[in-house]
Amino acid sequence: MTNNIQLQNDLEKLLAIMPQKVVSNLTTDKLDDVIEIVMDIGRAAEIRHAGGRIEKLGFESIDDDDINYVTSRLQEFTHDNRSGIPGTLHRISAIRNRQGKVVGLTCRIGRVVTGTIACIKDICTQGKSILFLGRPGVGKTTKLREISRLVADELGKRVVIVDTSNEIAGDGDTPHPAIGAARRMQVAQPEYQKDIMIEAVENHTPEVIVVDEIGTEAEAQAARTIAERGVMLIATAHGNSLESLIKNPTLSDLVGGIQSVTLGDDEAKRRASQKTVLEREKQPTFDVIIEIIDRNTLAVYKNASEAVDYILRGWPIRPELRKVDKQYVDKSSEFENKDIPVQSVEVSKPEENKMNYSFSRQKYCEQNKPLKKIYLYAVSRTIVEKIIERLDFNLEITRNVEDADIVIAHKNFAKGGAKILNTAKEYRVQIFYVKTNSMAQIQKVLKDALDVRACDEVSQAGYCDETEIALDEVKAAIKQIQDGASVIELEPQNTQIRKLQHDLVEQYGLQSTSIGEGDNRHLRISK
């Protein structure tokens, strides 16, 4: 049976419980992009589309009989005022008055959407625990459902879904076929989720546990207990971004917890920071953090420990942005394995993105920089094109801010472009400002945006990110020390970069000392 037939049948089951005044204004075509059907007593029914548009279904108001018509055809509402239709992914939620009478219904349409995790399939198959963050309605549960099928069917792992309110695998005793061979444990009430999480591990020997919406401290502690037993965790949590999760005292344990530490005078001076700082308390429960910006755009932090440390210390960190090409997200294909083409941002094949190191040079330059897209606001396109051509930058000017990796905006016109710039911030796109539309000013800002530095023995097409490369050199040296080397000396760096290098060495429990004078001052690393 195809997804298309399954979807048709599911919609027919939903329409079968709807009152005639609602059904007469609905067709399956009209429901193509609808997220919810809303019915409130005294108002006309509404449908809410994916893009945010709300459409009224006629002018006739919903009354008690209409509400009773729907509720009489449903199973009893659970403690969290939710019910469903067996064999489907639809969810019906009730609004009650003070006496407990149902006065409104929100019917959320559940769909099987494949291809939404194509751009992170490599991460999902590594056996690492993954935490998804994102605002409601952005597709977190859809991704959990597809990952469950992927890991259970393609990798052959024992997957158990802890399904609170039957969000992931649908209503009824038989799980929806969208989860493949994964097993499902139902949770009668949300407050029991933490207990079912532990029960799943103790009773059913899973290799992978899937949980939707970790929202309490007890659930966060249960997640840590599961991870410490060596079970892979795939979960979502309340919070739009990693930074907001770190600041959430209830859930910060998911990313290692936060503690206040008082530094000694010398250490505070070396770090150029206050004496009291915030630091990560322990190892994060999850290895990878993924922010869902929209249904087709993901911001990936591949190393949760490193990302949290950088954020706490105020260091710049860029998540890896990945995008699924919308035309390949399929709502009507077979439940089968497909190589779905994807469009990636800041992602390229390893062989196309190699770092060319020469330790005899002071600067290390990255060859074959991947193509970046740039969006211009009130900045001369002609001048930018000339700079791209003259300096041979691997840049492409785009007309859509959502597709951009970098935004260059004129500072004097920033207020007029508030909507565009807010969209850029929402998509985690870096924004750089120019003060004038002069060749020199725009060229300087472009170089800053691309981290371009003058590099010895390479052409202007070689881009150098001094900080990133200097830290990469530290990581390579640390590995040599761990493999048995006694002392490693690094290349000379400026004061600010050396501070970052010292901090990185300290995280690995090694010693670092600055030696040399002037431009030759550099780090010596030892056990």
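This report walks through strands, helices, cores and charged pairs in a predicted model.

## Ground rules

Numbering starts at 1 along each chain as its sequence is written, and side-chain values use heavy atoms, with hydrogens and water left out. Because the model is predicted, local features need pLDDT of at least 70 and side-chain atom pairs count only at pLDDT 80 or more, while totals for chains, interfaces and linings use all residues.

Helices (H or I, at least four residues) and strands (E, at least two) are DSSP runs, numbered from the N terminus. Two strands pair if DSSP finds at least two bridges between them.

Strands of a sheet pair through backbone hydrogen bonds, either parallel or antiparallel. Strand β4 (residues 82–84) runs antiparallel to β5 (residues 91–96), and three bridges join them. Serine 83 has isoleucine 92 as its bridge partner in β5. Six residues separate the two strands of this hairpin, and glycine 87 in the turn has a positive phi of about 85 degrees.

β5 also pairs with β6 (residues 102–108), antiparallel, over six bridges. Here serine 93 is partnered by threonine 106. This hairpin has five residues between its strands, and glycine 100 takes a positive phi near 90 degrees.

## A three-stranded sheet

An open, antiparallel sheet has the strand order β24-β26-β25. Its edge strands are β24 (487–489) and β25 (511–515), each pairing on one side only. Neighbouring strands are turned by 20 degrees against each other on average, direction ignored. Angles run from 0 to 180 degrees between N-to-C directions, with axes fitted to C-alpha atoms, for helices over the stretch in contact.

Three bridges join β24 to β26 (residues 522–526). Helix α15 (residues 495–507) lies across β25 and β26, at about 160 degrees to β25.

## Nonpolar cores

A nonpolar core is a set of buried Ala, Val, Leu, Ile, Met, Phe, Trp, Tyr and Cys residues joined through side-chain atoms within 4.5 Å. Buried means under 20% relative accessible area, exposed over 50%, and partly exposed in between (1.4 Å probe, protein chains only).

The largest core has 33 residues; Leu131, Ile209, Leu254 and Ile289 touch the most other members. A second, separate core of 29 residues includes Cys124, Leu150, Ile290 and Leu298.

Aspartate 294 sits in strand β14 (residues 288–294). It counts as buried because its relative accessibility is 14%. Its side chain makes a polar contact (N or O atoms within 3.5 Å; within protein, one able to donate a hydrogen and the other to accept it, and sequence-adjacent residues counting only if both atoms are side-chain atoms). The partner is the side chain of tyrosine 427, at 2.6 Å.

Asparagine 303 caps the N-terminal end of α10, with a side-chain oxygen 3.2 Å from the backbone nitrogen of serine 305. Glycine 314 follows α10 and has a positive phi, near 75 degrees.

## Salt bridges

The whole structure holds 34 salt bridges. Each is a side-chain nitrogen of Lys or Arg within 4 Å of a carboxyl oxygen of Asp or Glu.

Arginine 313 meets aspartate 503 (3.5 Å, N to O). Arginine 313 lies in the loop between α10 and β16 and aspartate 503 in helix α15, so the pair ties together parts 190 residues apart in sequence. Aspartate 503 is buried at 5% relative accessibility, whereas arginine 313 is partly exposed at 24%.

Terms used
Contact = heavy atoms within 4.5 Å.
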